[in-house]
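Let's take a walk through this one together. Have the viewer ready and follow along.

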Amino acid sequence: KNSIKAMEKELVTCGLQGKEKAALKRSQIFQIPGGKDSETKVIVVLGKAGMGKSILVQKICQDWSNGEFSQFEFAFWFDCKQISLPEKRYSLKDLLLEFFVKPQEGSKEIFEYILQNPTKVLLLFDGFEGLHDHENFPRCSDSQPEKDLCSIKELLSGLIQKKILNGCTLLLTARPKDKVYQYVSKVDKTIEIVGFSPQQRELYITKYFEGLPYCDNALKLIKECEYLFSHCYSPLMCRFVCFLCETVLEMGDKSLPSTLTTVFLKFVQQKIISMKTDVTAMRNQESLATLARIAWYLGEKHQNAVKSNLLPSKEVKEFALKHGFFLPFAFPRHSDSEEEEFGSTFSDFVIQNFLGALHLMLAEEIKDKSLIKYLSFPSKKKKPYNWLDLVPRFLAGLLFLQDDPYFCSLSNEDVKQSTKKQKTLLKYIRRLQINELCPEKLLDLLHCIYETQSNYLLQHVALRLKTDLSFLGVVLTPPDVHVLHYILKRSRKEFSLDLWNSSIDMQGLKDLVGLKNVASFRASLSDTVRLWKSLEQTKDYELLRASTEKFVLDPFKAKTMKDISDLSDLVEMQEKMINCVQDASGCSSYEIPAIKNLRKLEFALGPVCGLQGFLKLVEILAAFPSLQHLDLDALSENGIGDEGAKSLSEVFPTLTSLEILNLSQNKITDVGAEKLATALPSLSSLKTLSLYNNNICDFGAENLAKVLPAMSSLRVLDVQYNKITGVGAQQLTDSLRKCPHIKNLVMWNPTIPYGVLEHLQQLDSRISV
């Protein structure tokens, strides 16, 4: 059944200018433009726990075995959690030809061939986070790294530093929050797996229940529980939810648990349901408590694997393997005479998190006050207390499941002790400065509070949220959006949301924007326009109009060509909106407030795309009637030149509100200055004009001097750092006498003799240098 459920997950390449989603085929993963064959290539695949990184790596291996990726003669796949135990040491030969595969004969010759042909070798390290903890990543020794016995960290360090097998291809998988770039000096390609879209979630669930009599009921049941359905964006969580749904339907129940904690409590219950006698029940309870303790202490060491002989008892090991909490594996042997060693690893990350939280609840030595440090929400700068980042959510949920009959059967604590722990949590949340939490910590808190399902806590947090909530640059997953939506709608406050560059999906954006107490929002233009187009297609004109009224764009900074095309799409959307509003209300004109109220527009595309992007921007400038500040001064210099200046001057008559025009550092010469000067008087509101650091000479200065008297609103002109000489400076000064309205003329140029400039300044104090 599981093979049917394995679905293709979308791979996403992360651009440095915010994360742009682009579907990527597996065959494209190893395509690196401009990469040197002789050098090691490093590819990093990011994805949260349960996103399918391991499945992807396995599929790559399967594809390779079927003849794809023919550039590689060898492919070696390693599960980092199995090879990361600190006491184990390997040589490169051990790792490749003992751990991964043991050739029946000729291993020496094979290894020599590998050393001589590194470009034909693909090494896949799955779970890079299992190889680093709070320690620094060690450097590889300079002696004979291929033959020395090293820790796996030292071996991988040698591969990354190109001291071992230089020219091979390395693929590392890791979680987005891991400091992978701290240990890898050069990454040739970064890919992120983002999980299932809502449509893919439905397809997975349908495939899971395919052929079963309650197939349609299962999908309906899961979609009705919106929180669980949101978690199904993670393939691992989707599998858990499907398993649980299957159990619930077989037992004749008609509802699913409402929180993750109750889901996993039910999951554990189903796994060890064979509690037929009191003796068995007691034994299972003890084994589960021991397993929970192991989960926690391994988590503190950033590990999820252990040597089997280090487990407390054979009974615990058998219990964990029997119920699927553990998966077994074997270590490589350095010689045939060595006895084979075995290890055990937690079947997945979420199970280890849940058992870790269970340990904190069950362990008698952990008192109520010490429990709080595992729930703390420190500032962004502080490291989290533990590597198991889902523990606080499960712990908060378990603290509010005191009356759950199954949890009571697991717990040896008396009710008074449990209630005391719950009161300690309540007291801690009451003292917390919720409005001072950074966005990531606020989301962690909202998840914890949601897991409690305590009306008091939900209301408490809802009332203490600040009204201006920014998630700028913070990735918002579907579950994040669900808990945020759930708590926001409980508040009586009006909120302003900044969702720019948050990777929020369209359904999540629609849900948050649709809340009556969300008064305004800012989100990426492409996401917003996509939402509006969807609402237009479904004829949801009420939400379409409400969301356009709430959308805030000002100020807008264009950094990429995509920003310009998104802005064009927004202007184009306004034309469609006029038709929609006309159909709905009979009104013949409509302006999207974000377009109508845009006051500041910054342009910073740089020299490569500067002119091309600017020419496209000029086409839509007239659509922004309130534009007051147009800033083309970028650190990387846009270089719009004379062609850009000419194009801009042609639309000056439409920019009736423009007060500040900054054309600094744009390679404008006399030709462009002449075009600008001719049209400048039509900018009836212009107060400040900056042409700082261009290539304007005396002819350009002369043209500017001619039109200054006609620019009655102008107060400041900056022409310093151009190529104006004393002649041009004199012409500007003469013109200044006819311009009492101008307050300041900034005119220092290296080509104007200092004595001349000083003399002109004495003639008119408004000239500054």
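This is a predicted model: local features need pLDDT of at least 70, side-chain atom pairs count only at pLDDT 80 or more; totals for chains, interfaces and linings use all residues.

Residues are numbered from 1 along each chain as its sequence is written, and side-chain values use heavy atoms, with hydrogens and water left out.

Start with the sheet. Helices (H or I, at least four residues) and strands (E, at least two) are DSSP runs, numbered from the N terminus, and two strands pair if DSSP finds at least two bridges between them. Three strands form an open sheet in the order 10-11-12, and the pairing is parallel. Strand 10 (468-470) and strand 12 (518-523) are the edges, each pairing on one side only. From one strand to the next, the twist averages 15 degrees. Strand 10 is joined to strand 11 (residues 495-499) by three bridges; Leu469 has Leu497 of strand 11 as its bridge partner.

Now the helices. Two packed helices are described by the angle between their axes and the distance between the axes. Here axes are lines fitted to C-alpha atoms, for helices over the stretch in contact, and angles run from 0 to 180 degrees between N-to-C directions. Angles under 35 degrees count as roughly parallel, over 145 as roughly antiparallel, 65 to 115 as roughly perpendicular and the rest as oblique.

Helix 20 (residues 439-452) packs on helix 22 (residues 478-488) at about 70 degrees, with the axes 9 Å apart, so helix 20 is roughly perpendicular to helix 22. On the helix 20 side, the contact (heavy atoms within 4.5 Å) uses Leu443, Leu446, His447 and Tyr450, while helix 22 brings residues including Pro479, Val483 and Ile487. The residues of this contact split into eight nonpolar, two polar and one charged, where Ala, Val, Leu, Ile, Met, Phe, Trp, Tyr, Cys and Pro count as nonpolar, Asp, Glu, Lys and Arg as charged, and the others, Gly among them, as polar.

Further along, the axes of helix 29 (residues 641-649) and helix 30 (residues 670-679) come within 8 Å and cross at roughly 10 degrees, so helix 29 is roughly parallel to helix 30.

Finally, find Leu288 in helix 13 (residues 278-300). Leu288 has a relative accessible area of 1%, so this residue is buried (under 20%; exposed is over 50% and partly exposed in between, with a 1.4 Å probe and protein chains only). The C-alpha atoms of Leu288 and Leu358 are separated by 9.2 Å, though the two residues sit 70 residues apart along the chain.
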